[in-house]
Amino acid sequence: MSPLDLPPELRSRLRRLSIVPRRAAVLASAGMHDSRNKGGGLEFAQYRAYERGDDLRAIDWKLYARSDRFFVRDAERESPVAIWIVIDASASMAQADLARPDWSRFDAARRLTASLIEIALYQGDRFGVVVERAEGPMVLTPHADGRHRDRLLLALAPLKAAGAADWSRDVGIFGEQIGARDLIVILTDGFDDGCIGTAERLAASGRDICLVQILTGDERDFPFDRGYRFHDPETGAELIGDGRSLRADFVARFAAARAALAARLDARGIRHVEHFIDESADIPIRTLFRPTGRQ
């Protein structure tokens with residue numbers, strides 16, 4: 001299955017989540033943020049088929065009596081918010097686990113992107129994507145409909161992670177394209193100081209920044225039990241060593257690096273979460289943003 005094709009069980013779980021900008025999160029008593037949110041507005045938008053997790057009160061029972069099928073009435077209100085998903089497409093994002101070489105960080109990032117888009121579409125928010133590549137950023141400006149979702153997924157499908165992205169070169173483009181009230185979700189392995197510096201500069205400008213650090217299961221578990229050649233795809237550096245003898249030192253240093261990054265992001269007020277590529281895409285989204293209350 002393509003990383004951009006969401007399994008039905010994941011779609012069902014995503015229906016229970018929302019993407020909440022920081023400004024709206026502090027106004028919890030007001031409910032969802034001021035979005036063109038289907039289900040919470042005042043103006044009728046459309047009917048759609050009932051899905052597990054929808055509020056039973058939203059079912060149109062008169063339409064059910066005529067059709068013998070469950071339909072939900074969606075309403076909408078205008079949104080000032082655009083959700084930008086920034087994907088790191090540098091070579092290190094192509095790393096996969098030994099146990100699943102066909103599923104990389106970049107695949108996990110695209111699955112997360114498709115999931116975030118699905119939630120934004122349900123909320124009625126505009127959504128756009130920036131892919132940070134060695135040759136320069138691909139910028140797909142925000143809109144708020146299913147056709148735009150399809151266009152974005154088609155654009156993302158053939159992409160590969162390769163080369164070394166130049167974040168310092170492109171930070172000005174982010175600043176020009178992304179509005180002051182927009183929400184930015186950065187998907188990266190967190191190993192490029194230029195990427196973290198870009199997140200800090202955007203946060204310092206007052207923008208609402210979230211960062212998902214995408215890590216492999218091998219980095220968490222370090223299952224290497226014999227001699228290996230470890231290769232950095234961006235710098236070309238190599239290390240030859242015995243996995244068992246390297247494990248304890250790697251685990252300790254890796255934990256320290258993750259803690260240092262977390263402290264650095266906390267100091268700038270950047271919401272952040274780790275996502276291991278062998279975990280479901282809804283887990284980091286659930287951690288970053290509070291649920292809407294749909295059961």
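Reader: Is Phe222 buried or exposed, and at what relative accessibility?
Author: In this predicted model, a residue counts as buried when its relative accessible area is under 20%. Phe222 falls below that cut-off and therefore counts as buried, with a relative accessibility of 5%.

Reader: How are the rings of Phe222 and Phe224 arranged as a pair?
Author: The search of the whole structure finds 4 aromatic pairs. In the pair of Phe222 and Phe224 the ring centres lie 4.8 Å apart and the planes stand at 80 degrees; because planes over 60 degrees apart count as edge-to-face, the arrangement of these two rings is edge-to-face.

Reader: What is the nearest side chain of opposite charge to Arg111, and how far away is it?
Author: Arg111 has its place in helix H4, which covers residues 105-123, and this arginine is buried yet has no salt bridge. Leaving aside neighbours within four places in sequence, Arg111 is in contact with several residues, including Met1, Trp103, Ala281 and Asp5. The nearest side chain of opposite charge is 7.1 Å away, and it belongs to Asp5.

Reader: Which residue in the hairpin of S6 and S7 takes a positive phi?
Author: Strand S6 (residues 126-132) and strand S7 (residues 138-143) pair in the antiparallel sense over 4 bridges, and Val130 stands opposite Val139 in S7. The hairpin has 5 residues between the strands, and the residue with a positive phi, near 120 degrees, is Gly136.

Note on methods. Residues numbered from 1 in each chain as written. Predicted model: local features only at pLDDT ≥ 70, side-chain atom pairs only at ≥ 80, totals over all residues. Heavy atoms only, no water. Pairing = 2+ DSSP bridges. Helix = DSSP H or I, 4+ residues; strand = E, 2+ residues; numbered from the N terminus. Phe/Tyr/Trp six-rings, centres within 6.5 Å; stacked < 30°, edge-to-face > 60°. Buried < 20%, exposed > 50% of the residue type's maximum accessible area, 1.4 Å probe, protein only. Lys, Arg positive; Asp, Glu negative; His and termini not counted. Salt bridge = Lys/Arg side-chain N within 4 Å of Asp/Glu carboxyl O. Contact = heavy atoms within 4.5 Å.
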